[in-house]
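Trainee: Could you walk me through this one while I have it open on the screen? I will ask as I go along.

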Amino acid sequence: MSTEALARLAEERVDHRFKGLPPDAAGLTVGELAAQRRNLFTDGFTTPVLTLSAERLEHNLKLMETYATRHGLAFAPHGKTSMAPQLFHRQLAHGAWGITLAVPHQVRVARAYGVERIFLANELVDAAALRWIAAELTADPSFRFVCYVDSVRGVELMDAALRGAARPVDVVVELAAGEDARTGVRTEAECAAVADAVAAAGTLRLVGVAGYEGEVPRADPERVHAWLGRLIALAVDFDRAGRFADAGEIVVSAGGSAWFDAVADVFAGIPALSRPVLKLLRSGAYVSHDDGHYRKVTPFNRVPEEGALEPAFRLWAQIVSRPSAGQAFANAGKRDAAHDLDLPFAQVVRRNGTQRPATGVAVTGLSDQHAWLRTEPEADLEVGDWIGLGLSHPCTSFDKWQLIPLAEADGTVVDYIRTFF
């Protein structure tokens, strides 16, 4: 990655654009503010403010690096989770092969910060974006770009947009996870037709197969393993038919954040093919993990001997109303907290420098800028208290915050993570 581009993030001025930061920091650069190592609780931060745990982030990065290495997997974590180049940099430093992305804008962000290997887990048929990709490939011989194809029509559109390009665009056929799944080619016969279309297009090069097991209908271990078996069989059949003749390596890719143990199991059985195989895992939510959906579905629940991810997000809000013994309101709502999978979870309360569990407090709803709290008789909660909330779903947590304090366990803020959504 480009260290110069990353360094420029520290030169950005702190101002009204960034929620939760100390008002008296306005005019400082991000780097100057980080160098002050302010304390989240005593040095002017305002609520609501989302924080990322420095220690837990590092733990998660190391754990998935170790997991991928142990299972012989290349790792291209999905960058759409954070859209944070600083985190891309740390993921790459922890052994990632590259970064997975979903749409052209995200690729442009990654390229602006020097990411040299990008896997686009989507079919790309936008002519302007394809011409831009072609220009990037021409300008930078070290840039590796791979994307899905899932239709003959898509191949035709890509070929038309890329006519005259100096380098072919590498593509993988996406196998759908089922008849009612999201995208991808539904049958092996249709996969062959798409591969034939790629072979006839001089602007594209078929390098592998891919898909997303998280879309398997009524997913359970048996169904997920069966679909992954189909993906491997497709790669083997394509290789026997000589469809990867122009590829330097054969890419076989899958892996969200709920079934990467199944991916590791099945990918371990990929037979020897005519070319080296890049077994590419794409799980992304691990970087922050969460206190809700991913805490429940993480594969580490099934394989605890391999370790455990740690939830790294905490949203701090302040109690602004206590209208009755059974109700309170905090000043964080839908604009601040992920709420598409679960409501936030009341975890801790701070008052006068002392932190304790949020016993008897539960989030029951969100307005735009308020959290509705139910308080049981044992709840000790007053106007002015800070309440720490756990969140569910990393993707919709990152996207509500442009600059996220990276805080150590004692509240010392050591850096600020910039996002680009």
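Predicted model: local features only at pLDDT ≥ 70, side-chain atom pairs only at ≥ 80, totals over all residues.

Trainee: Which residues of α4 are buried?

Mentor: In α4, which covers residues 85-93, the buried ones are P85, Q86, L87, F88 and Q91. Buried means under 20% relative accessible area, exposed means over 50%, and partly exposed is in between, with a 1.4 Å probe and protein chains only.

Trainee: Switching to the core, which residues touch the most other members?

Mentor: In the largest nonpolar core, which has 128 residues, those are F119, F145, V169, F267, L373 and I387. A nonpolar core is a set of buried Ala, Val, Leu, Ile, Met, Phe, Trp, Tyr and Cys residues joined through side-chain atoms within 4.5 Å. The largest share of this core comes from α9, with 9 residues.

Trainee: What is F145 in contact with?

Mentor: Leaving aside neighbours within four places in sequence, F145 is in contact with V107, I118, L120, L124, I133, L137, V169 and D170, where contact means heavy atoms within 4.5 Å. There is also a second, separate core of 17 residues, and L21, A25, V49 and L403 are among them.

Trainee: How do α5 and α6 pack?

Mentor: Helix α5 (residues 104-112) and helix α6 (residues 127-139) pack at about 25 degrees, with their axes 11 Å apart. That angle makes α5 roughly parallel to α6, since angles under 35 degrees count as roughly parallel, over 145 as roughly antiparallel, 65 to 115 as roughly perpendicular and the rest as oblique. The axes are lines fitted to C-alpha atoms, for helices over the stretch in contact, and angles run from 0 to 180 degrees between N-to-C directions.

Trainee: Which residues meet there?

Mentor: From α5 there are P104, V107, R108 and R111, and they meet A129, W132, I133 and E136 in α6. By class, this contact of α5 with α6 has 5 nonpolar, no polar and 3 charged residues.

Trainee: And what about α8 and α9, at what angle do they pack?

Mentor: Helix α8 (residues 188-200) and helix α9 (residues 221-240) pack at about 45 degrees, with their axes 11 Å apart, and α8 and α9 are therefore oblique to each other. The contact is made by E188, C191, A192 and A195 of α8 together with R230, L234 and F238 of α9.

Trainee: New topic: is T298 buried or exposed?

Mentor: T298 is buried, with a relative accessible area of 6%, and T298 is found in the loop between α11 (293-297) and β10 (313-324). Not counting residues up to four places away in sequence, T298 touches S257, F260, H289 and L309.

Trainee: What does H59 touch?

Mentor: With residues up to four places away in sequence not counted, H59 touches A308, L309 and E310. H59 lies in helix α3 (residues 54-70) and counts as partly exposed at 28% relative accessibility.

Methods
Residues numbered from 1 in each chain as written. Heavy atoms only, no water. Helix = DSSP H or I, 4+ residues; strand = E, 2+ residues; numbered from the N terminus. Nonpolar A, V, L, I, M, F, W, Y, C, P; charged D, E, K, R; others polar.
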